[in-house]
Structure formats: structure tokens, C-alpha cells
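Q: I have a structure open and would like to learn how to read it. Can you take me through it step by step?

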Amino acid sequence: MAEEQPGGSARADGEGRGEERMAEEQPGGSARAGGDGRGEEFEFHTGTIRPSKEPDAIEFIEVHKSFGRNHVLRGLNMALPENSISMIIGPSGTGKSVCIKHIVGLLYPDEGDVIVHGKSIPSLSDAELFEARKKFGVLFQDGALFGSLTLWDNIAFPLRQHTEKSEEEIAEIVNRRMREVGLGGEGAKMPNELSGGMRKRAGFARSLVLDPQIVLFDEPDSGLDPVRTALLCELIKEVHSENGGCYVVITHDILSARRVGQHISVLWKGRIVESGPADELFESENPFVRQFLSGASAGPLGME
Ligand SMILES: Nc1ncnc2c1ncn2[C@@H]1O[C@H](COP(=O)(O)OP(=O)(O)OP(=O)(O)O)[C@@H](O)[C@H]1O
Ligand SMILES: [Mg+2]
């Protein structure tokens with residue numbers, strides 16, 4: 001960390017962002033490898049943000065995040081609209097999961113800001129963050145169920161943690177959500193008795209029990225067969241059309257993106273290449289966007 005901070009200032013505390021960024025972008029001032037936005041590295045990053053019809057629910061403003069020497073988010077500007085299903089797509093290791101963790105306040109930006117419904121997440125106190133988290137449902141990449149709890153108790157967990165609801169009310173909600181994802185009657189099973197697809201659906205049910213305004217899905221389709229992927233996509237669409245709100249889906253699967261994506265942000269090298277309404281992105285002339293959305297081997301992206 002120390003060698004990355006030429007000014008010797010404590011960047012990790014998340015304060016004094018604006019001034020420090022200016023300081024770091026002075027020529028010769030920083031040891032970051034190629035992260036300053038000059039040269040060919042960002043030639044496809046037009047950063048074009050095509051307007052969407054809805055206001056922004058989530059905004060990343062000039063976010064930088066490093067882990068040691070690994071500069072993952074490199075001035076990320078991204079907006080995710082209200083009342084839409086947004087897809088974040090991009091190569092493995094570009095920082096998609098890291099983005100999700102910034103939205104829910106599990107990670108803090110080194111510089112820049114993350115705004116959710118007009119509030120700066122990094123500036124919230126612990127108590128405010130605990131409150132704010134009630135508006136999120138999160139489906140982590142691996143389902144993240146508690147191994148020692150039954151499926152039923154896993155799905156009831158956020159309600160017991162965050163609400164004063166009676167066990168009767170909890171049962172009503174849990175049973176409804178479980179039926180919705182096709183797991184009715186499986187509540188007594190332990191997570192290790194479930195298939196990967198069932199764990200994903202359980203994670204989905206759990207992410208919905210608090211009626212969240214924002215639902216974040218980290219690769220809900222990875223490890224599923226094509227039919228289950230299609231069914232899960234349908235389920236996401238169905239639940240979204242019923243509940244509304246800002247749904248954010250991270251995926252590698254272009255078919256999934258076509259099926260459910262209303263808004264697409266293409267992330268690469270810690271910045272947005274292009275973003276906007278899905279139908280416009282699928283028509284993009286940008287060589288990287290074209291390569292990625294068609295899954296072609298020829299194009300700017302190699303096996304680096
Ligand atoms: N807590 C952490 N500590 C150190 N490095 C991290 C941490 N979390 C993520 N990284 C690094 O940040 C980079 C981006 O990781 P991230 O998990 O966001 O990638 P991703 O875009 O979600 O990739 P994938 O599509 O494979 O899931 C990787 O190089 C990873 O090693
Ligand atoms: Mg990931």
C-alpha cells in the first residue's frame with residue numbers, strides 16, 4: 001500500500017477524495033501501472049452513457065479501488081436506473097463483484113463516491129448502514145447460505161435479523177417466497193443436500209423476503225444448465241415485474257443478458273466501456289462491446 005501513495009496520505013479512510021485524486025494524477029506522481037487513463041489501454045472506453053428513461057437508483061462517481069498493487073476500479077463512472085433490470089457484464093476479474101460489495105457497503109472506495117437513492121454509502125455511520133441494508137437483497141456469487149441452518153431458516157434469517165415480525169408472519173412470507181422459486185416443501189433440507197441450482201434459487205428467495213427496492217444478483221446463472229438458466233431468467237423478470245425496483249444482474253452469459261437485460265453496462269479494466277438501454281448496446285459499433293456481446297474470439301479482448 002505504502003508505495004502506492006506518493007503523497008504519503010492515508011487514502012484508505014475514504015475522506016478528502018477530490019483533492020487527493022487531483023494530486024495523484026500529476027505526471028510522475030503515481031506508481032500505478034498504466035492506470036491514469038492515457039494511451040491505448042482505454043482506447044475503446046468511450047465511456048458513452050446512453051440516457052435511460054428512469055432516474056438513477058445507484059451511481060458510481062469516479063470510484064477508485066485498489067487491493068495492494070492491484071488497481072481494480074480505475075475511475076469508474078456508472079449509473080444503474082430505477083425500475084429496470086440492469087446487467088453488468090465484462091471479463092472475469094474486472095471488478096464486477098467488487099462493485100456489488102461497494103453498493104452494500106462491504107467495501108469502501110479509496111476515492112470517489114457510491115450513491116444509492118441519493119445517499120453516499122461510504123459516508124454512512126454503522127447504524128445508518130445497517131438501516132440502509134434493509135433496502136437491498138443480495139444474491140452472492142456462491143449463494144452464501146449458512147451451512148448449519150436449514151433452507152427454511154436460511155430464508156427466514158433476514159426477517160428475524162431485521163424485523164419484529166411474529167413467527168407466523170415470517171412463515172407466511174418464507175413459504176410464499178419458497179413456492180415462488182419452486183422450493184416449496186424443501187424447507188427442512190440442509191444446504192449441502194441441495195444441487196447448485198437449488199442453492200441459487202434459495203439464495204434468490206432469501207434476497208427477496210424483505211421486499212427490497214434494490215436486488216443485486218452476482219452471476220445467478222453460473223453453474224446452471226441452459227434450461228435452468230432460462231427458467232431463472234424468467235423468474236427474475238417475473239418477480240421484477242411484480243415488485244419493481246432496481247435489479248442488478250452480473251452475468252457472463254450473453255443469452256441471459258439478452259433475455260432479461262433492459263439496461264447494460266460493459267465493464268472492463270475498472271471502467272465503463274459503454275452503457276445504456278440493452279437494445280442500443282446490442283447494436284453498438286464499439287469493437288470491444290461488439291466482441292463481448294457476441295462472444296467472438298477476434299477483437300480487442302485477448303487472454304491477458
Ligand atoms: N477482498 C479482496 N482482497 C484482495 N483482492 C480482491 C478482493 N476482492 C477482489 N479482489 C481482486 O479484485 C479483482 C476483481 O475481482 P472481482 O471478484 O470483482 O472480479 P469479477 O469481475 O467479479 O470476476 P468474475 O467474473 O470472475 O467473478 C480481482 O483481481 C480480485 O483478485
Ligand atoms: Mg465475480
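Q: Where is the place of glutamine 262?
A: First, a caution: this is a predicted model. Now find the elements on either side of the residue. Glutamine 262 sits in the loop between helix 8 (254-260) and strand 10.

Q: Is glutamine 262 buried, exposed or partly exposed, and why?
A: Count the C-beta atoms around it. Twenty or more others within 10 Å makes a residue buried, and 12 or fewer makes it exposed. Glutamine 262 has 19 C-beta neighbours inside 10 Å, so it counts as partly exposed.

Q: Which residues does glutamine 262 touch, leaving out those up to four places away in sequence?
A: Look for residues that the fold brings together. Glutamine 262 touches Ser84, Ile85, Pro277 and Ala278, with residues up to four places away not counted. Proline 81 makes a further point about distance. It is 181 residues from glutamine 262 in sequence, yet the C-alpha atoms are 9.7 Å apart in space.

Q: What share of contacts in the protein chain join residues at least 24 apart?
A: Take the contacts between residues at least 6 apart in sequence. In the protein chain, 68% of these join residues at least 24 apart.

Q: How many helices and strands does the protein chain have?
A: Read the secondary structure from end to end. The protein chain has ten helices and eleven strands. Of its 304 residues, 40% are buried.

Q: Which residues touch the most other members of the largest nonpolar core?
A: Start with the general idea. Nonpolar side chains tend to be buried together in soluble globular proteins. Here the largest nonpolar core has 69 residues, and Ile155, Leu216, Val249 and Val266 touch the most other members. Strand 3 (residues 70-81) contributes the most to this core, six residues. Now zoom in on valine 249. Beyond residues up to four places away in sequence, its contacts are Ile85, Met87, Phe217, Pro220, Ile236 and Val260.

Q: How many bridges join strand 7 to strand 8?
A: Check the direction as you count. Strand 7 and strand 8 (residues 214-218) run parallel, joined by four bridges. For one pair, take glycine 137: its bridge partner in strand 8 is valine 215.

Q: Where is the place of leucine 210?
A: Leucine 210 is in the loop between helix 6 and strand 8. It has 18 other C-beta atoms within 10 Å, so it is partly exposed. Leucine 210 touches Lys134, Gly137, Pro158, Leu159 and His162, leaving out residues up to four places away in sequence. Leucine 210 and glycine 137 lie 73 residues apart in sequence but 7.5 Å apart in space, C-alpha to C-alpha.

Q: What is the order of the strands in the open sheet of four strands?
A: Walk across again. The order is 3-2-5-6, with antiparallel pairing. Its edge strands are strand 3 and strand 6 (119-120). Nine bridges link strand 2 (residues 56-67) with strand 3. There, serine 66 stands opposite histidine 71. Five bridges join strand 2 to strand 5 (residues 111-116). Strand 5 and strand 6 pair over two bridges.

Q: Which residue takes a positive phi in the hairpin of strand 5 and strand 6?
A: Look at the turn. Two residues separate the strands, and histidine 117 takes a positive phi near 50°. Beside it, valine 116 has lysine 119 as its bridge partner in strand 6.

Q: Which residues surround ligand 1?
A: List the shell, then sort it. Ligand 1 is surrounded by Phe67, Asn70, Val72, Ser92, Gly93, Thr94, Gly95, Lys96, Ser97 and Val98. Helix 2 gives the largest share, three residues. By type, the shell has three nonpolar residues, six polar and one charged.

Definitions and conventions: Residues are numbered from 1 along each chain as its sequence is written. Chains are lettered from A and ligands numbered from 1 in the order in which they are written. This is a predicted model: local features need pLDDT of at least 70, side-chain atom pairs count only at pLDDT 80 or more; totals for chains, interfaces and linings use all residues. Two residues are in contact if their C-beta atoms, placed from the backbone, lie within 7 Å. A nonpolar core is a set of buried Ala, Val, Leu, Ile, Met, Phe, Trp, Tyr and Cys residues joined through C-beta atoms within 7 Å. Two strands pair if DSSP finds at least two bridges between them. A residue is near a molecule or strand if its C-beta atom, placed from the backbone, lies within 6 Å of it. Ala, Val, Leu, Ile, Met, Phe, Trp, Tyr, Cys and Pro count as nonpolar, Asp, Glu, Lys and Arg as charged, and the others, Gly among them, as polar.
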